[in-house]
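Good morning, and thank you for making the time. I would like to take you through one complex today, beginning with a single contact and then widening the view.

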Amino acid sequence: MKTPPLLLTIAVCGLVGCRYEMRTDSRLKPYQETPFFADRNSSRPLVDGVVPRGEARTDDFFYTGEINGHLVRGFPAPVTLEQLRKGRERFNIYCSVCHGITGVGDGTIVQRGFPAPPSFHEQRLRDAPEGHFFHVITYGYGVMYSYASRVEPAERWAIIAYIRALQLARSARIDDVPPGERAHLAENGGENGGQ
Amino acid sequence: MIQARGPEWMRPGCRRRKRIGTRQKGGYRSGIRISRENIRGAFLVLPPARGDRWNMPQIFSPRVSLWFKTALIVAPFAVVLGGLAAYRFSYSSYPTQVNLPLDQPVPFSHQHHVGGLGIDCQYCHTTVTKTADAGMPDTYTCMTCHSQIWTEAPVLQPVRDSLSSRMPIRWTRLHNLADYVYFDHSIHVNKGISCTKCHGDVESMPITWKKVTLQMGWCLECHRHPAAAFSPPDAVFQPPQVFTLNWRLDADPDAKRFVQKQLAGVPSVRELTDCWTCHR
């Protein structure tokens, strides 16, 4: 006759384990809703004037692509191969969906009905200063939304460098390639052509 | 000294009796004595009254007694089976929500956006290489395309409402880690762990569901064998390689070299399985 109370005790002990205080404590997860703020958002907008550590935007060239209201030409720092690789990666993520892998404006979203953007290879954009591209990425242009929240300034410059590389590649001749690299180009031409 | 009482076979010196007890000078002192009567109701018989110690009548009928004995034999099996059932249940989709599509305010399809259109994971999950949180796209990101495409679609009405009211869309969270678990997307992704390793073949999900339990045992499986968890660098995000189901790590020499290189920068298994790694 002692078995039922024993089982009951074990069962109750087991139930004690089913407490969730530690599993969901009072801290909020990203995007979690909270009744604490009027708009119920736990993620708060930054107070005006906040400067992230190490990101004091004192360098107009780097952070705005403009100097005294004029779009800049050139890059804030000499372009490196590493930067071009980063630019290619970011371009393929954020830009190629509309502008296409090669920049002619035939991305998959355009094929589904989005208004076609101009080709990067038209003369107007070949002559455009680098600051123009920076401005477009930051503030948007026409039906293109701003990418400021998705692409950091350093990534914007990397993308601009890659756009310049795409433009160069379009009119490049085999003579422009250093002799040592030509064989490599023929070998990987198909594979890396779009990248 | 205990006085001899009861039937002949119960008395000291009788060989027919089994006695368990503490042997002391002058004979056995009380202890549990196993006799025919007592065996019949082992555990279940009330202690005999003092004056009638060994000749108590049977309380339970043989039938009830049989039930008790059966219950005693069955109980351990029931406990084991119950434990096994509870263990299986803890991995089922009811508590873990694995393979269980949940209702969302907008039936977003990764199959369409990733599999069909080829949009990179990072187009929307922008901070996956930079912070602990992968980043959920804001309404603005949705409207980047849907300001021009499917502008009248009723299914996107919550997105347009969100933009006009400046209130975010409240998605239903699928992957809800316990608050005592620290997890960082950026370190995993930057080291070469593919999105699919934890999120499954998202590109073929018409509505998103959780693919793995995210239980501690599942996490430790990789932390104990990190080499098996890697994907080659370009496969981390790009669907063509990530989602190639027949791709095998050992069949790809470049990937093997990559893994060797990556492993050099990964802490030892001892560190990876340290409590502090995830509970900090």
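This is a predicted model: local features need pLDDT of at least 70, side-chain atom pairs count only at pLDDT 80 or more; totals for chains, interfaces and linings use all residues.

Let me begin with a term. A polar contact here is a pair of N or O atoms within 3.5 Å, and within protein one of them must be able to donate a hydrogen and the other to accept it. With that in hand, please find Arg173(B): its side chain reaches the backbone oxygen of Pro30(A) at 2.6 Å.

Where does Arg173(B) lie in chain B? Arg173(B) sits in the loop that runs between helix H7 (157-165) and helix H8 (185-191) of chain B. Its relative accessibility is 34%, so Arg173(B) counts as partly exposed. Setting aside neighbours within four places in sequence, Arg173(B) is in contact with Lys29(A), Pro30(A) and Gln32(A), and also with Leu102(B). For orientation within chain B, Gly265(B) is 92 residues from Arg173(B) in sequence, and their C-alpha atoms are 32 Å apart in space.

Let us stay with Lys29(A) for a moment. The side chains of Lys29(A) and Asp179(B) meet in a salt bridge, at 3.5 Å from N to O. Asp179(B) lies in the loop between H7 and H8 of chain B, while Lys29(A) lies in the loop between helix H1 (3-16) and helix H2 (60-64) of chain A, so the pair joins two chains. Are these two residues, Asp179(B) and Lys29(A), buried or exposed? Both Asp179(B) and Lys29(A) are buried.

A further link between the chains involves Glu33(A). Arg170(B) forms a salt bridge with Glu33(A), the closest N and O atoms being 3.6 Å apart. Glu33(A) also forms a salt bridge with Arg40(A), and there the closest N and O atoms are 3.0 Å apart. Glu33(A) has a relative accessible area of 37% and is therefore partly exposed; Arg40(A), at 39% relative accessibility, also counts as partly exposed.

Now to the interface as a whole. How many residues of each chain are in contact with the other? There are 33 residues of chain A in contact with 35 residues of chain B. Between them, the two chains bury about 3100 Å², of which 53% is on carbon and sulfur atoms. Three residues, Lys29(A), Tyr145(A) and Arg150(A), supply 21% of the area that chain A buries against chain B, more than any other three residues.

The rule finds five salt bridges across this interface, and the count over all chains comes to 13. Between chain A and chain B, 20 residue pairs are in polar contact, counting pairs in which both residues have a pLDDT of 80 or more. On the side of chain A that touches chain B, the elements giving two or more residues are helix H3 (81-99) and helix H4 (108-111) of chain A. H3(A) provides the largest share of that side, five residues. By residue type, that side of chain A divides into 13 nonpolar, seven polar and 13 charged residues.

Glu89(A) and Lys86(A) form a salt bridge, with the closest N and O atoms 3.7 Å apart. At 34% relative accessibility, Glu89(A) counts as partly exposed, and Lys86(A), at 34%, counts as partly exposed too. Salt bridges that share partners join Lys86(A), Glu89(A), Arg90(A), Glu152(A), Glu155(A) and Lys130(B) into one network.

One more polar contact, this time within chain B. Ser194(B) lies in the loop between H8 and helix H9 (195-199) of chain B. The side chains of Ser194(B) and Thr196(B) are joined by a polar contact of 2.7 Å. At 4% relative accessibility, Ser194(B) counts as buried.

Finally, the confidence values. The predictor gives the complex an ipTM of 0.84 and a pTM of 0.75. Chain B has a mean pLDDT of 79, and 71% of its residues reach 70 or more. Over residues 17-22 of chain B the pLDDT is below 50, and this stretch has 18 contacts in the model beyond near neighbours in sequence. Residues 239-246 of chain B likewise have a pLDDT below 50, with 15 contacts in the model beyond near neighbours in sequence.

Thank you for your attention.

Technical notes:
Residues are numbered from 1 along each chain as its sequence is written. Chains are lettered from A and ligands numbered from 1 in the order in which they are written. Side-chain values use heavy atoms; hydrogens and water are left out. pLDDT is the predictor's confidence in each residue, from 0 to 100. Contact means heavy atoms within 4.5 Å. Buried area is the accessible area (1.4 Å probe) that two parts lose on being put together, summed over both. A salt bridge is a side-chain nitrogen of Lys or Arg within 4 Å of a carboxyl oxygen of Asp or Glu. Helices (H or I, at least four residues) and strands (E, at least two) are DSSP runs, numbered from the N terminus. Ala, Val, Leu, Ile, Met, Phe, Trp, Tyr, Cys and Pro count as nonpolar, Asp, Glu, Lys and Arg as charged, and the others, Gly among them, as polar. Buried means under 20% relative accessible area, exposed over 50%, partly exposed in between (1.4 Å probe, protein chains only).
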